[in-house]
Amino acid sequence: MTPPREFERIPLSVRVEFRTASSFLVAYSVNLSRGGMFLETSHAPSLGSEVKLAFTVPGVGAISLSGRVAWRRDEASADLPIGIGIEFSDIDRALGSTIDTLVGRFSGLNLVVYSAAEHDRAQLSRMIRSTIGTADVASADSVHLTEALLGDEVDLVIAHADADIDGALLVVRTAALAKIPVVVVAADADVRDRAQEAGATATSTSPPQQTELSRIILGALGRPILVG
């Protein structure tokens with residue numbers, strides 16, 4: 001079970017080494033906040049275990065922290081991977097300020113999600129909000145509405161193509177002309193190729209995996225500092 005969120009979190013994918021009293025493990029982070037981070041791993045220490053973590057954030061440097069396993073997710077879904085939630089126990093003022101700065105870079109992000117299928121729009125919106133809690137996500141079920149939402153304040157468009165390939169490709173061309181990054185989600189590899197030819201910044205398989213979609217979104221947003 002995922003606990004209530006106390007701090008804003010951001011997607012962060014870096015290699016993390018963590019030690020317990022009896023083992024040394026390596027995992028990849030999924031997100032980060034001032035209060036802790038989530039690690040995607042099938043080798044989970046027991047709840048309450050004390051851990052020491054070491055990881056590097058590009059552009060920031062090496063970080064060493066202590067924490068404890070506050071919660072576990074033992075079953076994966078299309079939206080969420082298995083793993084453990086680590087609660088930090090020794091955030092100092094300097095490191096806390098650094099994390100606050102990283103989180104602040106994601107404040108005020110505006111994303112538009114297009115799909116002709118309600119289920120796909122809901123899934124994408126939920127996945128975005130689960131990793132970028134500060135994002136403002138608008139959803140649209142038609143090309144016309146999507147085009148009406150596009151403007152200088154929009155940071156990224158995500159188009160799900162499975163329910164309407166032609167509509168998604170039109171959204172790609174419109175966003176590309178407006179110089180807005182656009183990610184296309186599609187089950188068919190040929191559709192993904194066509195989307196890139198039409199000007200898509202990146203593509204993802206359908207249904208998307210949470211961790212992979214987060215990495216793709218980060219790349220499209222041009223924030224490589226957070227990608228390990």
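Which residues in helix 4 meet which residues in helix 5?

**View 1. Contact of helix 4 with helix 5 in a predicted model.** From helix 4, I165, D166, L169, V172, R173 and A176 meet V191, R194, A195 and A198 of helix 5 (contact: heavy atoms within 4.5 Å). These residues divide into seven nonpolar, three charged and no polar (nonpolar: Ala, Val, Leu, Ile, Met, Phe, Trp, Tyr, Cys and Pro; charged: Asp, Glu, Lys and Arg; polar: the others, Gly among them). Residues are numbered from 1 along each chain as its sequence is written, and side-chain values use heavy atoms, without hydrogens and water. In this predicted model, local features need pLDDT of at least 70 and side-chain atom pairs count only at pLDDT 80 or more, while totals for chains, interfaces and linings use all residues.

**View 2. Packing geometry of helix 4 and helix 5.** The axes of helix 4 (residues 165-177) and helix 5 (residues 189-198) lie 9 Å apart, at an angle of about 25°. The two helices are therefore roughly parallel (angles under 35 degrees).

**View 3. Surroundings of S115.** S115 sits in the loop between strand 8 (110-114) and helix 2 (118-131). Its relative accessibility is 0%, so S115 counts as buried (under 20% relative accessible area, 1.4 Å probe, protein chains only). Leaving out residues up to four places away in sequence, S115 touches D120, R121, A140, D141 and H160.

**View 4. Residues 223-228.** Here pLDDT (the predictor's confidence in each residue, from 0 to 100) stays under 50. The model has 23 contacts for this stretch beyond four places in sequence. Where pLDDT is low, the predicted coordinates should not be read in detail. The protein averages a pLDDT of 85, and 89% of the residues score at least 70.

Conventions:
Axes are lines fitted to C-alpha atoms, for helices over the stretch in contact, and angles run from 0 to 180 degrees between N-to-C directions. Helices (H or I, at least four residues) and strands (E, at least two) are DSSP runs, numbered from the N terminus. Angles under 35 degrees count as roughly parallel, over 145 as roughly antiparallel, 65 to 115 as roughly perpendicular and the rest as oblique. Buried means under 20% relative accessible area, exposed over 50%, partly exposed in between (1.4 Å probe, protein chains only).
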